[in-house]
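Q: I'd like to learn how to read salt bridges and helix packing in a model. Could you walk me through it?

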Amino acid sequence: MANTELFAWDDSFNVGIQEVDEQHRVLVSLLNKLHVAILEHHGKQTSRDILNQLAEYTRTHFLLEESLMRLTHYPGFDIHKEQHESLIKQVVDLQTKLDQENITITFELLHFLKNWLMQHINESDQRFGKHFKTAGLGQYANWSKEVETTMKKKKWWWKFW
């Protein structure tokens with residue numbers, strides 16, 4: 001069978017914030033899983049279940065990004081949040097359409113989601129990753145026990161509230 005990977009992840013997509021990068025990889029994995037389900041004709045319900053997982057995980061991911069943006073007073077926050085809200089609205093509209101019209105998820109939809117995610121990571125998220133580092137939080141980009149211990153000692157987060 002042909003390559004079943006719709007979105008091939010590589011390190012050029014990393015924004016430099018470990019948790020954000022890990023969540024991006026999960027989103028890519030779910031998108032690839034949906035692609036395989038459609039290619040291999042696993043059925044409408046399976047595809048819909050994966051789309052629901054993708055939508056829910058996307059919401060969780062957006063909350064993380066937006067929280068980090070608030071903490072660092074990211075100047076592009078409003079525009080970035082609008083991009084997130086626009087995608088969520090489009091996915092909710094799609095889910096409604098799938099329910100009401102009993103249609104299947106198409107390759108066009110998959111390519112729309114893939115292109116949206118690639119462009120969003122490469123442009124908007126990369127800009128935020130640079131801001132995160134310049135906001136003086138670069139040392140917290142990679143989570144570790146040492147970082148956790150340091151954060152507990154310093155209680156650095158208070159200055160953002």
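A: Happy to. Keep in mind that this is a predicted model. Let's start with a pair: R48 forms a salt bridge with D99, and their closest N and O atoms are 2.4 Å apart.

Q: Which helices do R48 and D99 lie in?

A: R48 belongs to helix α2 and D99 to helix α3 (residues 77-101), so this pair ties together parts that are 51 residues apart in sequence.

Q: What is the general idea behind such a pair?

A: Side chains of opposite charge can pair when their charged atoms come close. In this structure there are 5 salt bridges.

Q: Is R48 buried or exposed? And what about D99?

A: R48 has a relative accessible area of 14%, below the 20% cut-off, so it is buried. D99 reaches 54% relative accessibility, over the 50% cut-off, and therefore counts as exposed.

Q: Which residue does K81 pair with, and how far apart are the closest N and O atoms?

A: K81 forms a salt bridge with E66, with 3.2 Å between the closest N and O atoms. This pair links distant parts of the chain, as K81 is in helix α3 and E66 is in helix α2, 15 residues apart. For accessibility, K81 is partly exposed at 23%, whereas E66 is buried at 5%.

Q: Now for helix packing: at what angle do α1 and α2 pack?

A: Helix α1 (residues 18-39) and helix α2 (residues 44-71) pack at about 165°, and their axes are 10 Å apart. Angles over 145 degrees count as roughly antiparallel, so that is how α1 runs relative to α2. Their crossing is left-handed.

Q: How many residues of each class make up the contact of α1 with α2?

A: By class, 14 nonpolar, 8 polar and 3 charged residues form that contact.

Q: Can we try a single residue too? Where is S124, and what does S124 touch?

A: S124 sits in helix α4 (residues 107-137). With a relative accessible area of 5%, S124 is buried. Leaving aside residues up to four places away in sequence, S124 touches Y74, H80, Q83 and Q119.

Terms used
Residues numbered from 1 in each chain as written. Predicted model: local features only at pLDDT ≥ 70, side-chain atom pairs only at ≥ 80, totals over all residues. Heavy atoms only, no water. Axes fitted to C-alpha atoms, helices over the stretch in contact; angles between N-to-C directions. Helix = DSSP H or I, 4+ residues; strand = E, 2+ residues; numbered from the N terminus. Parallel < 35°, antiparallel > 145°, perpendicular 65-115°, else oblique. Left-handed = near helix turned anticlockwise from the far one by under 90°. Nonpolar A, V, L, I, M, F, W, Y, C, P; charged D, E, K, R; others polar. Buried < 20%, exposed > 50% of the residue type's maximum accessible area, 1.4 Å probe, protein only. Contact = heavy atoms within 4.5 Å. Salt bridge = Lys/Arg side-chain N within 4 Å of Asp/Glu carboxyl O.
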